[in-house]
Amino acid sequence: MTRTYAFPVALAALLALGALAVVMVLRPGISANRTELAGQIAADLRCPDCQGLSVADSSSPSAVEIRRQIDAQLGAGRSPDQVRQSFVDRYGEWILLSPTAPIAWWLPVAILLAGVGVLALWLWRGRRRAVPFAGPAGTERDRARAREEAEALDG
């Protein structure tokens, strides 16, 4: 009984997860003021002195200086992308906490699709095994042998 509902439930869960991912990617951004933009940029940059902390989370002197530079660049009219790029030019791709390579963003989608495929294959094979094979009724020779065995048992 649970097998009959497994596929629709799994499919609905995967579709809901996919829809959530699409909404998160396509949702409109909220325009932020300069302080919020500076905080977002600082949260995207890795602190050069700390292990695994963003510039926004660190209180090291270099993080304080980077936050000051971010604010100064935004005050000078540079866009958030230009500010990030200035730090990438200075420190390299390492300074970014989130990956920029497309493979890093598409890999989870590929894994999700592979999981859907494996689940569908597993459910399809399970259904094929659950249905008994209704092959030919047998040859005339098999029927004759079965009749003989039945008569021998009766006699």
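Which residues form a negative surface patch? Before selecting anything, keep in mind that this is a predicted model.

**First stop: a charged patch.** Select Glu148, Glu149, Glu151 and Asp154, and you will have the negative surface patch on screen.

**Second stop: a nonpolar patch.** Next, select Trp105, Trp106, Val109 and Leu113, which form a nonpolar patch on the surface and together have about 490 Å² of accessible area. Leucine 113 belongs to helix H5, which runs through residues 102–130, and this leucine is exposed, with a relative accessible area of 58%.

In soluble globular proteins, nonpolar side chains tend to be buried together. Here, turn to the largest nonpolar core, which has 16 residues, and select Leu45, Ile70 and Phe87, the residues with the most contacts inside it. Then show helix H2 (34–44), helix H3 (61–75) and helix H4 (80–91), each of which supplies at least two residues of this core; H3 gives the most, with four residues.

**Last stop: a pair to compare.** Stay with helix H4 and select valine 83, which lies in it. Is valine 83 buried or exposed? Valine 83 counts as buried, because its relative accessibility is 0%.

Key
Residues numbered from 1 in each chain as written. Predicted model: local features only at pLDDT ≥ 70, side-chain atom pairs only at ≥ 80, totals over all residues. Heavy atoms only, no water. Patch = residues over 30% accessible without salt bridge, like charges linked within 9 Å, V, L, I, M, F, W, Y side chains within 5 Å. Areas by Shrake-Rupley, 256 points an atom, 1.4 Å probe, with all protein chains shown as cover. Salt bridge = Lys/Arg side-chain N within 4 Å of Asp/Glu carboxyl O. Lys, Arg positive; Asp, Glu negative; His and termini not counted. Charge placed at Lys NZ, Arg CZ, Asp CG, Glu CD. Buried < 20%, exposed > 50% of the residue type's maximum accessible area, 1.4 Å probe, protein only. Core = buried A, V, L, I, M, F, W, Y, C linked by side-chain atoms within 4.5 Å.
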